Amino acid sequence: DPQEMELITASKRKLRRFIVIDEVVDKLYGSKVREYFEENNVQHKILALPTTEETKSMDLVLNILHEVQNFSLDRRTEPIIAIGGGVCLDIVGLAASLYRRRTPYIRVPTTLLSYVDASVGAKNGVNFLQCKNKLGGYTPPVASFLDRSFIQSIPRRHISNGLGEILKMALMKHKGLFDLLKNHGKYLLDTKFQSCNGFADHRDAALQTTRIAIETMLEELAPNLWEDDLDRLVDFGHLISPELEMRVLPSLMHGEAVNVDMAFMTYVAHARGLLEAEEKEQILQCMRGLELPVWHSGCSWALIQRALRERLKHSGGQPRMPLPTGLGVAEIFNDTSEETLQRAYELWVRD
């Protein structure tokens with residue numbers, strides 16, 4: 001905004017920014033971040049922290065808030081900047097929402113998963129009592145800045161991890177996105193979602209894939225930002241995975257746990273007669289092509305039962321189970337019998 005720029009330029013007060021950056025990202029890009037703020041004459045404090053599922057706690061939030069208080073942040077004009085993966089964005093979002101009741105913050109995702117998932121929406125949170133995101137709130141950022149060049153430095157497994165959340169949106173809402181993943185999955189993994197010239201056959205698969213994934217996510221989240229309606233297609237892959245992910249930490253990453261959940265639910269959809277055998281196989285083949293796990297030994301029948309009981313507690317007494325009814329189309333069901341679930345589980349384990 002030119003008027004805002006004019007006010008900033010005319011102001012005698014120096015621009016100030018408080019930045020929380022994941023410590024791994026700091027090692028890779030910290031010098032560039034510091035150089036940016038120095039060149040723009042911005043007084044800044046950079047706090048590098050280990051942001052992992054194991055450290056995603058209120059202790060880390062309070063650590064951030066102590067530093068914010070020492071920095072004397074202006075709670076209306078000086079947004080906190082979070083640079084990192086989804087855990088970092090969640091933790092900083094919660095810290096910002098608590099400081100003086102609401103301090104603006106900016107999300108800068110650095111992993112594929114956070115680029116297409118954590119960057120979108122209003123939720124933030126931390127783990128509590130070995131339960132995923134048990135404490136949190138709804139405070140949207142003032143902005144999310146998306147830059148795919150960050151993704152080129154993350155390991156291949158992390159790319160695959162992010163593809164799990166993209167596949168979720170493809171299976172629920174967008175056949176075209178599913179086809180992109182099926183046809184270009186290996187290419188996206190090989191090129192780490194960078195736009196490469198000279199690959200006409202793939203056109204810009206990275207840009208198309210991320211754009212469609214984010215747009216479909218926004219379509220789902222924007223009308224229901226505060227989750228007043230608990231019937232949410234974006235919950236596909238998130239019925240069993242929270243319990244599984246926390247139980248087997250750190251052997252499964254978030255997107256991998258989500259994919260194990262989606263693989264099981266694909267069998268449930270098939271057992272209910274919602275998916276043809278060929279469609280089920282196409283989905284599983286696509287998952288394998290994206291190098292995602294389609295089964296995990298920790299996902300026992302007892303864990304599934306426990307996870308679904310927990311689901312009932314937090315979804316108004318209904319399972320609200322999103323299931324694919326074809327490729328790129330889905331509905332929410334409340335009438336899946338225990339017998340159907342067990343039959344699906346047995347087929348899944350057998351395969």
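**Close-up views of a predicted model**

**View 1. R100 sits in the loop that runs between α4 (86-98) and β4 (105-109)**. Helices (H or I, at least four residues) and strands (E, at least two) are DSSP runs, numbered from the N terminus. The model is predicted: local features need pLDDT of at least 70 and side-chain atom pairs count only at pLDDT 80 or more, while totals for chains, interfaces and linings use all residues. Residues are numbered from 1 along each chain as its sequence is written, and side-chain values use heavy atoms, with hydrogens and water left out. R100 is not a glycine, yet its phi is positive, near 50°. With a relative accessible area of 45%, R100 is partly exposed (buried is under 20%, exposed over 50%, partly exposed in between; 1.4 Å probe, protein chains only).

**View 2. L129 occupies the loop between β5 (123-128) and β6 (131-138)**. L129 also has a positive phi, about 55°, although it is not a glycine. Its relative accessibility is 67%, so L129 counts as exposed. Most residues other than glycine have a negative phi, and most peptide bonds are trans.

**View 3. The peptide bond between L249 and P250 is cis**. Omega of this bond is about 0°. P250 belongs to the loop between α9 (241-248) and α10.

**View 4. The largest nonpolar core holds 71 residues**. Such a core is a set of buried Ala, Val, Leu, Ile, Met, Phe, Trp, Tyr and Cys residues joined through side-chain atoms within 4.5 Å. L167 and F264 have the most contacts inside this core. Helix α10 (residues 254-271) supplies the largest share of the core, 11 residues. The core lies between domain 1 (2-152) and domain 2 (156-224 + 232-350), because both give residues to it; the bounds come from an automatic or database domain assignment.

**View 5. L167 is in contact with F178, L181, N259, M262, C286, M287 and L290**. Contact means heavy atoms within 4.5 Å, and neighbours of L167 within four places in sequence are left aside. A second, separate core has 25 residues, among them L73, A82, V92 and V126.

**View 6. M5, I8 and L15 make up a nonpolar surface patch**. Together these residues have about 250 Å² of accessible area (Shrake-Rupley method, 1.4 Å probe). Patch residues have over 30% relative accessible area and no salt bridge, and nonpolar side chains (Val, Leu, Ile, Met, Phe, Trp, Tyr) are joined within 5 Å. A salt bridge is a side-chain nitrogen of Lys or Arg within 4 Å of a carboxyl oxygen of Asp or Glu. L15 lies in the loop between α1 (2-10) and β1 (16-22). At a relative accessible area of 32%, L15 is partly exposed.

Technical notes: Patch = residues over 30% accessible without salt bridge, like charges linked within 9 Å, V, L, I, M, F, W, Y side chains within 5 Å.
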